[in-house]
Amino acid sequence: MAERRRLIIIIVEGKSEENALSSLMKCLFSPDEVIFHIMNGDMMTKNQKNITRIVESIVGEESRRYGLQRSDIKAVIQLTDTDGCFIPDEYIIEDESLSHIEYTEECIRTPFPLSIQQRNSKRRRNILTLISHRLLKGKLPYSIYYFSRNIEHALYGIERAVSDSRKTDLAYEFSDRFSYNTKAFKDYLEEEDICPGDDYQSSWEALENDRESLR
């Protein structure tokens, strides 16, 4: 008997992630169905609610939208930017000449260092909480993966912030490159040496070292 097709929910921060990865994820997880839930913002730092309950509420929202039972969902996957949240505070440098936050692979420069320290602390705490949850209610498999420090930096090696239109162009370029060649995507991760650690847990542990979440 053929295996039952089920739904995989992928939670992302913005449209760029969906544009870059939607076709690829659908190929990787076929014949299961894949849907993207777009947060349109940063759930790690802007919401005061319990972070695990937020993920649970997303599952509930999508279940109602598609008329699903928990048994209809195969897994929940979340993608998040790290924004350098694991770096020691000493690498958050005050620079009053700047009007916005500036990231490098060595430090974060900002006119408001205390604000960034607090942001990093909250993001770090919420990410560590989610890493520890491998199952949601109903024994639903859950896992969270990262772009370090963000999708443009991780996938394209771009250091500076880019416009929304440029983000869209880059996302579609990445999608065109790998959408129907999942082997090439897996090889890309290995050849470019951008996936530290030997497994899920060790990849997160590697990111917690020194300034790795900026790199």
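These are questions and answers on how terms apply to this predicted model.

Me: Why is Thr 52 called buried?
Reply: The cut-off for buried is under 20% relative accessible area. Thr 52 has 12% relative accessibility, so it counts as buried. Its place is in helix H3, residues 51–66.

Me: What does Thr 52 touch, not counting residues up to four places away in sequence?
Reply: Contact means heavy atoms within 4.5 Å. With those sequence neighbours left out, Thr 52 touches Thr 129, Leu 130 and His 133.

Me: What makes strand S4 and strand S5 edge strands?
Reply: The open sheet has 3 strands in the order S4-S6-S5, with mixed pairing. S4 (92–94) and S5 (102–103) each have a single partner strand, so one side of each is left without a neighbour in the sheet.

Me: Which residues lie nearest the centre of the largest pocket, and how many line it?
Reply: The lining has 33 residues, and Tyr 145, Tyr 146, Phe 185, Leu 189 and Cys 195 lie nearest the centre. Elements that give two or more residues to this lining include helix H1 (15–29), strand S8 (140–147) and helix H7 (182–191). The largest share, 5 residues, comes from H8. The space in this pocket is about 1,100 Å³.

Me: How do the residues of that lining divide into nonpolar, polar and charged?
Reply: The lining of the largest pocket has 21 nonpolar, 4 polar and 8 charged residues. Tyr and Cys count as nonpolar under the classes used, as do Phe and Leu.

Me: What is the volume of the second largest pocket, and which residues are closest to its centre?
Reply: The volume is about 860 Å³. Of the 32 lining residues, Asp 81, Asp 83, Asn 150, Glu 152 and Lys 167 are the closest to the centre. Among the elements that give two or more residues to this lining are helix H2 (43–46), helix H4 (113–131) and helix H6 (164–178). H1 gives the largest share, 4 residues.

Methods
Residues numbered from 1 in each chain as written. Predicted model: local features only at pLDDT ≥ 70, side-chain atom pairs only at ≥ 80, totals over all residues. Heavy atoms only, no water. Pairing = 2+ DSSP bridges. 1 Å grid on protein atoms, 1.4 Å probe; cavity = no way out; pocket = protein on both sides within 12 Å on 5 of 7 lines; lining within 4 Å. Points joined across faces, edges and corners; volume = space filled by probe spheres on them. Buried < 20%, exposed > 50% of the residue type's maximum accessible area, 1.4 Å probe, protein only.
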